[in-house]
Amino acid sequence: SRVDPNTPAAQAGLQAGDIIVKMDNTDLKSLDDLAGVLSRHKAGDQVSVNVVARNGQQRQVSLTFGRAPQQN
């Protein structure tokens, strides 16, 4: 629903409304699928991400994981 600025997603060109359909060669059918892929990676890991963009075009981007923001 949103992509925060200065995040790896924003740096990869993802925008609100894009749908991630594949990450790290894993088809994503649910948030659980996405959580499973995310749990296998750490900051600095690079993955390929297949996206259906807001305009309906499919594209592939490379994303490098960053560190989660600190909670106060």
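The model is predicted, with local features requiring pLDDT of at least 70 and side-chain atom pairs counted only at pLDDT 80 or more, while totals for chains, interfaces and linings use all residues. Residues are numbered from 1 along each chain as its sequence is written, and side-chain values use heavy atoms, with hydrogens and water left out.

Let me begin with the sheet. Helices (H or I, at least four residues) and strands (E, at least two) are taken as DSSP runs, numbered from the N terminus. Two strands are said to pair if DSSP finds at least two bridges between them. On that basis there is an open sheet of 4 strands, in the order β2-β1-β3-β4, with antiparallel pairing. Its edge strands are β2 and β4, each of which pairs on one side only. Between β3 and β4, which run antiparallel, there are 7 bridges. Within this region Val52 stands opposite Gln58 in β4.

I turn next to the core. In soluble globular proteins, nonpolar side chains tend to be buried together. Here a nonpolar core means a set of buried Ala, Val, Leu, Ile, Met, Phe, Trp, Tyr and Cys residues joined through side-chain atoms within 4.5 Å. Buried denotes under 20% relative accessible area, exposed over 50%, and partly exposed in between, with a 1.4 Å probe and protein chains only. The largest such core has 11 residues, including Leu14, Met23, Leu28, Val37 and Phe65. The elements giving two or more residues to this core are β3 (46-52) and β4 (58-64). The largest share, 3 residues, comes from β3. As for Val37, leaving aside its neighbours within four places in sequence, its contacts (heavy atoms within 4.5 Å) are Met23, Asp24, Thr26 and Leu28.

The third topic is charge pairing. Side chains of opposite charge can pair when their charged atoms come close. A salt bridge is counted when a side-chain nitrogen of Lys or Arg lies within 4 Å of a carboxyl oxygen of Asp or Glu. How many salt bridges does a search of the whole structure find? There are 4.

One of them joins Asp18 to Arg54, with the closest N and O atoms 2.2 Å apart. Asp18 lies in the loop between α1 and β1 and Arg54 in the loop between β3 and β4, so this pair ties together parts 36 residues apart in sequence. Asp18 also meets Arg59 in a salt bridge, at 3.3 Å from N to O. That pair links distant parts of the chain, since Arg59 belongs to strand β4, 41 residues apart from Asp18. Asp18 is buried at 15% relative accessibility, whereas Arg54 at 45% and Arg59 at 29% are partly exposed.

Another salt bridge joins Asp45 and Lys42, also at 3.3 Å from N to O. Asp45 counts as buried at 19%, while Lys42 is exposed at 58%.

Finally, I note two residues with positive phi. Asn6, in the segment before α1 (8-11), has phi near 65°, a positive value in a residue other than glycine. Asn6 counts as exposed because its relative accessibility is 72%. Asn25, likewise not a glycine, has a positive phi of about 65°. Asn25 is found in the loop between β1 (19-23) and β2 (26-27), and counts as exposed at 67%.
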